[in-house]
Amino acid sequence: MPNLTTEARLDSYKRLLVISQVLTSTLELFTLLDLIVNAARDLTHTEATSILLIDNKTGDLYFEAVTGSKSEEIKRMVVPPDSVAGWVAREGRTQIINDVSRDRRFFAKVGETIGVQTRSLIAVPMKVKDKTIGVLEAINRSDDTPFTAEDIDLLNTLSAQAAIAITNARLFQQSDLISEMVHELRTPLTSIVAYSELMLRREIPPVQARSFTETIYQEAMQLSNMTNGFLELSRLQSGRIRMDMVNFSLTDLIHEVMMLLQPQADERGLTFEAALPDQVVAVTADRERIRQVLVNLTSNAVKYNRPNGAITLQTELTDPQHVRISIKDTGRGIPEKDLPRIFEKFFRVADSEGYATGTGLGLSIVKQIIEAHGCQIDVKSQVDVGTTFSFVLKAAPPE
Ligand SMILES: Nc1ncnc2c1ncn2[C@@H]1O[C@H](COP(=O)(O)OP(=O)(O)OP(=O)(O)O)[C@@H](O)[C@H]1O
Ligand SMILES: [Mg+2]
């Protein structure tokens with residue numbers, strides 16, 4: 001491999017040092033990734049560079065950032081496991097291919113998408129401690145000379161720094177989540193403090209004292225629900241949770257959930273209907289978590305229904321392998337403009353507050369669980385008519 005002059009090498013390492021300093025002080029992920037790909041391209045004198053990250057949940061390797069203007073088209077594109085980047089991610093080792101036409105493993109679609117014909121490439125793993133979190137890839141060395149030992153060295157050093165910077169930025173995003181949570185907790189906390197102070201300071205007539213205590217109790221419950229919901233949500237979002245897939249009777253589970261929520265339904269004069277096939281419907285899923293999904297959706301159908309309304313829980317075999325489950329209510333509906341936001345954490349439709357208490361976390365948890373099963377949650381709603389949530393699960397194989 002040709003060697004650079006000592007001066008040129010020194011210059012490259014100086015630049016790397018400056019880049020490293022910028023990387024450690026940047027916590028905004030988007031800016032960070034952009035910095036890394038551009039630095040990698042400059043340091044290795046290549047035509048284009050990209051960062052691929054491993055999805056914690058699915059294990060897929062996908063494009064997260066690329067130099068040049070086509071980056072939006074390529075973002076989130078998953079590369080096959082038998083591509084060069086796939087190999088590097090799996091083996092945790094560098095790969096250099098000076099003539100890609102001799103190697104079948106390279107992913108031509110990328111070059112096509114960004115309008116670059118790949119001739120040569122180098123791909124290095126991005127590691128934090130011993131864990132590979134992604135791949136840094138550079139293609140086409142300028143003047144088509146082979147990659148040098150310096151290129152490999154520079155790219156490896158940059159990629160180690162980048163991996164740490166990306167991990168830090170992700171942790172910082174998590175702490176963003178925490179500050180959002182703290183912000184939400186302040187409202188119930190403030191009223192608990194205010195009402196208990198009132199009770200301590202003054203002689204209060206018993207009737208009023210009771211009403212204050214009720215408020216304190218409700219706000220404390222709200223705090224407790226928020227904390228539990230938030231913990232569950234951050235556990236699910238971390239991607240560390242695996243779904244515990246078992247075969248179970250959905251028919252039984254639906255009856256269980258209806259029994260659980262019957263008292264709340266009775267209070268509002270609501271009737272439950274189960275539209276289930278005659279034979280037992282069995283699915284393969286995480287039973288506890290699907291129970292949570294059904295409880296969250298059905299309790300919404302109770303809370304946001306009209307007095308004396310109805311709730312229908314339905315299952316249907318869409319094909320021999322799939323079961324669609326829907327929860328339908330005759331409630332107030334969700335305004336169209338709010339539909340895209342209802343799965344966001346803490347989001348509640350503006351006038352929900354006066355209607356029923358809630359944390360705004362229930363549907364975010366539902367979405368995370370359904371997505372962790374590799375499925376999607378659907379919603380259809382019409383104001384003053386009602387709402388239907390539905391999702392598909394895998395049918396259990398016949399015994
Ligand atoms: N079936 C429904 N009918 C009408 N509006 C609904 C329905 N389900 C959810 N919503 C609206 O979406 C918002 C978010 O629902 P989500 O379940 O996430 O939170 P929540 O019910 O307010 O709180 P929690 O689930 O913690 O009790 C609700 O506040 C409500 O405005
Ligand atoms: Mg809810």
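Predicted model: local features only at pLDDT ≥ 70, side-chain atom pairs only at ≥ 80, totals over all residues.
Glu-344 is partly exposed, with a relative accessible area of 36%, and Arg-341, the residue with which Glu-344 forms a salt bridge, is partly exposed as well, at 40%. Side chains of opposite charge can pair when their charged atoms come close.

**Salt bridges in the structure**

- A search that covers the whole structure finds 20 salt bridges, and several of them are described in the points that follow.
- In the salt bridge between Arg-341 and Glu-344, the closest N and O atoms lie 3.0 Å apart.
- Four residues, namely Asp-55, Glu-64, Lys-75 and Arg-76, are joined to one another in a network of salt bridges.

**The pair Asp-151 and Arg-141**

- Asp-151 and Arg-141 form a salt bridge in which the closest N and O atoms are 2.6 Å apart.
- This pair links distant parts of the chain, since Asp-151 belongs to helix H6 (residues 149-201) while Arg-141 belongs to strand E6 (residues 131-141), and the two are ten residues apart.
- Asp-151 is buried, and Arg-141 is buried too.

**The pair Asp-351 and Arg-332**

- A salt bridge also connects Asp-351 with Arg-332, where the closest N and O atoms are 3.0 Å apart.
- Here, too, distant parts of the chain are linked: Asp-351 and Arg-332 each sit in the loop between strand E11 (322-329) and helix H10 (362-372), 19 residues apart.
- Asp-351 has a relative accessible area of 44% and is therefore partly exposed, whereas Arg-332, with a relative accessibility of 17%, counts as buried, because the cut-off for a buried residue is under 20%.

**Helix H1 and its two sides**

- Helix H1 takes in residues 6-25, which makes 20 residues, and from its first C-alpha to its last it reaches 29 Å, close to the 28 Å expected at 1.5 Å a residue.
- The residues Ser-12, Leu-16, Ile-19, Ser-20 and Leu-23 are buried in H1.
- When H1 is seen down its axis, these buried residues fall within an arc of 110°, and so they line one face of the helix.
- The face of H1 that is turned away from the buried side carries exposed residues, which are Thr-6, Glu-7, Leu-10, Lys-14, Leu-17, Gln-21 and Ser-25.

Methods
Residues numbered from 1 in each chain as written. Chains lettered and ligands numbered in written order. Heavy atoms only, no water. Helix = DSSP H or I, 4+ residues; strand = E, 2+ residues; numbered from the N terminus. Expected span 1.5 Å × (residues − 1). Buried < 20%, exposed > 50% of the residue type's maximum accessible area, 1.4 Å probe, protein only. Arc of directions from axis to C-beta. Salt bridge = Lys/Arg side-chain N within 4 Å of Asp/Glu carboxyl O.
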